[in-house]
Structure formats: C-alpha cells, structure tokens
Amino acid sequence: MDTYSAMIPSLGRATADAADTLFGKGRGKVMSRFPRPGLRGSYSGSCVVCLRGTDTGFAVRGDAEAVIAALIAAGVPESEAYETARAKWNEQGLEVAKGNVPGGVQDAVITLCKDDADRVGLHVGLLASHELPG
Ligand SMILES: [Zn+2]
C-alpha cells in the first residue's frame, strides 16, 4: 500500500503548513470540522463542502490521488481532502490506515450541492443512489 505522504508530498506539506499557521509552528494539529454524523452514522447524502443534505454530486474513477484531487477541485480544503477521502474509503470497508491510500482504481461518488458546484464551476447531476452503475 502506498503512503499518502510519499505519493503526494506537496499536499502533506500543505497540511502541515496549514496546521502551523492555525496553531503555531510545530504545534500543528488538524481539527475535524465535521458535525456529528447523521442517523445512519455517516455523512452519506451530505455535501462534502458545506455538509448540508443534497442529492446532487459527481463521480470520479481513478487512483486514490485522483479522488483526493477531485475533492480539492470541489472546494474541500487541501488540509482536509485526504481525511475526507480516507473516511469514504473506510465507509466502503477498505480499512485504510492513517497515512495510506488504497491501491488500484477507485470509484468515488462525491456528493456536492449545486451552490458549491456553481462556486467552483463544476457540473453536478442528480444522484439516484450513491453507487456507480456496474
Ligand atoms: Zn454544499
């Protein structure tokens, strides 16, 4: 399994830099901005940016780094994109340890509300389910 920091050194550095900016040099700690999960114990159906309920989004198929890049393109801060992706992979049962990414091609459905999609110039569609068609 590839390590996240080895695969995307610039993002790892950006995360550390953001934490240093927020909390002081060397005292960095990235805090979760997530509220309590919904009734189903997950954020499924919530916009990845504003966390409001939404039934729109888009799909990405590619390696793990493509999923992380898509989250950043959608407006998720770089410092949170990896953990957001890892949470999704773990929701799918991949059991990705902190600092790692899953190997191979990943399918990800990224829920994104129309307002946030418009903000970054992405097109979203109505999600019939949160699974990609086989
Ligand atoms: Zn949103």
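## A loop residue and the basis of the model

Is Leu 51 buried, partly exposed or exposed, and how many other C-beta atoms lie within 10 Å? Leu 51 is partly exposed, with 15 other C-beta atoms within 10 Å; a residue is called buried if 20 or more other C-beta atoms lie within 10 Å of its own, exposed if 12 or fewer, and partly exposed in between, with C-beta atoms placed from the backbone. The residue sits in the loop between helix H2 (9-23) and E1, and the phi of Leu 51 is near 70 degrees, a positive value in a residue other than glycine.

The model is a predicted one, in which local features need pLDDT of at least 70 and side-chain atom pairs count only at pLDDT 80 or more, while totals for chains, interfaces and linings use all residues. Residues are numbered from 1 along each chain as its sequence is written.

## Overall architecture

The secondary structure of the chain comes to five helices and three strands, where helices (H or I, at least four residues) and strands (E, at least two) are DSSP runs numbered from the N terminus. Read from the N terminus on, the elements follow the order α-α-β-α-α-β-α-β. Of the 134 residues of the chain, 25% count as buried. Among the contacts in the chain with a separation of 6 or more, 67% are accounted for by residues 24 or more positions apart; a contact requires that the C-beta atoms of two residues, placed from the backbone, lie within 7 Å.

## The sheet

The three strands form an open sheet in the order E2-E1-E3, with antiparallel pairing, two strands being paired if DSSP finds at least two bridges between them. E2 and E3 stand at the edges, each with a single partner strand, so one side of each is left without a neighbour in the sheet.

E1 and E2 pair in the antiparallel sense over six bridges; Gly 57 stands opposite Thr 111 in E2, and the bridge partner of Val 60 in E2 is Ala 108. On the other pairing, two bridges join E1 to strand E3 (residues 125-126), and these strands also run antiparallel. Thr 56 has Leu 126 of E3 as its bridge partner.

In helix H3 (residues 64-74), the buried residues are Ala 64, Val 67, Ile 68, Ala 70, Leu 71 and Ala 74. They cover an arc of only 155 degrees around the axis, which puts them on the same side of H3; the arc is that of the directions from the helix axis to the C-beta atoms. These buried residues pack against strand E1 (56-62), helix H4 (78-91), strand E2 (106-111) and helix H5 (114-120). H3 lies across E1 and E2 and runs at about 15 degrees to E2, with axes taken as lines fitted to C-alpha atoms, for helices over the stretch in contact, and angles running from 0 to 180 degrees between N-to-C directions. The helix is followed by Gly 75, whose phi is positive, near 115 degrees.

A nonpolar core is a set of buried Ala, Val, Leu, Ile, Met, Phe, Trp, Tyr and Cys residues joined through C-beta atoms within 7 Å. Of the 20 residues in the largest such core, Val 48, Leu 71, Ala 74 and Leu 112 touch the most other members. H3, H4 and E2 each supply at least two residues of this core, and the largest share, six residues, comes from H3. Leaving aside neighbours within four places in sequence, Ala 74 is in contact with Val 48, Val 49, Ile 110, Leu 112, Asp 116, Val 120 and Leu 122.

H4 is followed by Gly 93, whose phi is positive, near 85 degrees. In the loop between H4 and E2 lies Glu 95, which has a positive phi of about 50 degrees although it is not a glycine. With 9 C-beta neighbours inside 10 Å, Glu 95 counts as exposed.

Arg 52 lies in the loop between H2 and E1 and is exposed, with 12 other C-beta atoms within 10 Å. Leaving aside neighbours within four places in sequence, Arg 52 is in contact with Ser 46, Cys 47 and Cys 113. Arg 52 and Cys 113 are 61 residues apart in sequence and 7.8 Å apart in space, C-alpha to C-alpha.
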